[in-house]
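Hi everyone, thanks for having me. I'd like to walk you through one structure today, so let's get it up on the screen.

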Amino acid sequence: MEIFNIENLSFKYNKSPKYALKNINLKVNSGEFLLLIGQSGCGKTTLLKMLKKELAPLGEKSGEIFYKRKKIEDLSKAESASEIGFILQDPDSQIVTDKVYSELAFGLESLGVDKETIRSKTAEFAAYFGFSDMFDRETNSLSGGEKQLLNLASVMVMNPKVILLDEPVSMLDPIFAVDFIHTLKRINDDFGTTVIIAEHHLSEVYRLCDKVIYLNNGDITAYNSPKEISVDLKNEKIGKTLPAPVRLYNTLNSDLDCPLSVKEGREFLSKLDINSNYNSNLEIKCSGTVLSVRNLWFRYEKHGRDILKGLSLNIKKGEIYALLGENGCGKSTLLNVINGSLKAYKGKIKHNLKLSYLPQNPKNVFVKDTLEDDMKLISNSYKELLSEFGLLDYLKTHPYDLSGGELQRAAICKVLLTKPDILLMDEATKGFDNFAKENLGRILKSLTDRGITVLLVTHDLEFAASFADRCGLLFNGGITSEGITRQFFRENIFYTTSAAKMAKEIIDNAVTVDDIIRCVNG
């Protein structure tokens, strides 16, 4: 049975010169698990918000959206609230109460459900989502992954027919991101809930969904099952953003079956003629410490727990150092201590250079009504940099009207205009597609060629593997492992890339898809 029917939908934002959506026609069946892919700014978020009338953006719209054969605008507030759930990118942006149990109950209370039913349903879903032991905890004490799972549970407790998700794992650590996607699939299987998710991190969700929708400049240009669309998009630019096993398959032009998972990727590799030893240079040329952290201790409250526990770290001139770790382990805290926003109660930080900081929330960087006015606050030489990041057409746009990926790119531009010697970046690739990541990586490499140093906090293992010189893992308040990037990912089991997992014990030293390709057929 159709749950959504979109007919000839086009949409243009007010004052925008181009359409965000163009003549979209799509039928969504009840119980389907659909994945929306496409470059940043292609219209994914706009399309999702159009399916939830309370979030629909203002602008020029034509065409119709039907939910269970009723126009979306004609749904009552109660119908829309209870039957169509929405999960945002930022886990903190959706939480409205101070306790886990009250957050679970909030939606039901807003719908006027009786207390006995609320008590029963919150208990049931707390058990289903594993919140029984943290039922009485403060919501601000949860990690980012736990908060996002709580957002999902708070939607599910209202028994929705559809869940719409806009890049829900972009701010989660790799392990929790996998857990979240598998929980979503379990919901889809257990309850028949329709799932429509927009995501750039495709390694898990791509193989679990029923259909993939490719949105290109506001048009649906491909719509098929994961295996079929992998072949359909082989020669398209977007093909370079697909999961590692698919990229490997498409690059090698093999007649074998297309692999979607790491397991299938390993089986695929076992059938190829491979040079098993990838000769890579494990040395880096960076030398001389420009940022030294020694025996750092920090806690947020006088009698609270320590977040950083005797942490020590040396950052070398001209290197990109990627700091990895689970949500809530203290990565962002460390950056804020280094930049002076927070003060450690013990330890020393030494550097004598100009330091600039990109915060996790890019909105915190902007204070003016247009992107151009914000850039002029720093320097009048901004157009060339904006052009490098594909933002020159948005000079008169309010920063908050940019898409998530565009806003992040604009924040990076503003920080780079300060011409730092040491650049601290917190989740710089959040909301980026692979093309934007490659562009950022090239720019960062060009900065390090000029002696600029980058300390990067990230959950994006693929980006770190491709562009970082060294990586470190933050756990229990300290750096528990550290090494040259290729060695770091080769030795890890969970904190490693899909390519490294596929190549393990088949190709020595390979940690990216490009590494594997170089070893095939010599």
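Let's start with a term: a salt bridge here is a side-chain nitrogen of Lys or Arg within 4 Å of a carboxyl oxygen of Asp or Glu. Keep in mind that what you're looking at is a predicted model.

Let me show you a few. Glu64 and Lys71 meet through their side chains, at 3.6 Å from N to O. Glu64 has 26% relative accessibility, so it counts as partly exposed, and Lys71, at 35%, is partly exposed too. Next, Glu79 pairs with Lys70, and their closest N and O atoms are 3.3 Å apart. Glu79 is partly exposed at 24%, and Lys70 is partly exposed at 33%.

Now look at Arg299 and Asp306, whose closest N and O atoms are 3.0 Å apart. Is Asp306 buried or exposed? Its relative accessible area is 15%, and buried means under 20%, so Asp306 is buried. Arg299, on the other hand, is partly exposed at 27%. There's also a network: Lys227, Asp257 and Glu264 are joined by salt bridges that share partners.

Okay, on to the sheet. Strands of a sheet pair through backbone hydrogen bonds, and they can run parallel or antiparallel. Ours is an open sheet of six strands with mixed pairing, and the order is E15-E16-E17-E13-E18-E19. Which strands stand at the edges? They're E15, residues 355–358, and E19, residues 478–484; each has a single partner strand, so one side of each has no neighbour in the sheet. From one strand to the next, the twist averages 15 degrees.

Let's zoom in on E13, residues 320–324, and E17, residues 453–457. These two run parallel and are joined by four bridges. In this pair, Ala322 sits opposite Leu456 of E17.

Two helices pack on this sheet. Helix H11, residues 331–338, touches E13, E15, E16, E17 and E18, and its direction makes about 150 degrees with that of E16. Helix H15, residues 434–449, touches E13, E16 and E17, at about 155 degrees to the direction of E16.

Last stop, the surface. Ile175, Ile493 and Phe494 form a nonpolar patch there, with about 330 Å² of accessible area together. Ile175 belongs to helix H6, residues 174–191, and at 38% relative accessibility it counts as partly exposed.

Definitions and conventions: Residues numbered from 1 in each chain as written. Predicted model: local features only at pLDDT ≥ 70, side-chain atom pairs only at ≥ 80, totals over all residues. Heavy atoms only, no water. Pairing = 2+ DSSP bridges. Axes fitted to C-alpha atoms, helices over the stretch in contact; angles between N-to-C directions. Contact = heavy atoms within 4.5 Å. Patch = residues over 30% accessible without salt bridge, like charges linked within 9 Å, V, L, I, M, F, W, Y side chains within 5 Å. Areas by Shrake-Rupley, 256 points an atom, 1.4 Å probe, with all protein chains shown as cover. Buried < 20%, exposed > 50% of the residue type's maximum accessible area, 1.4 Å probe, protein only.
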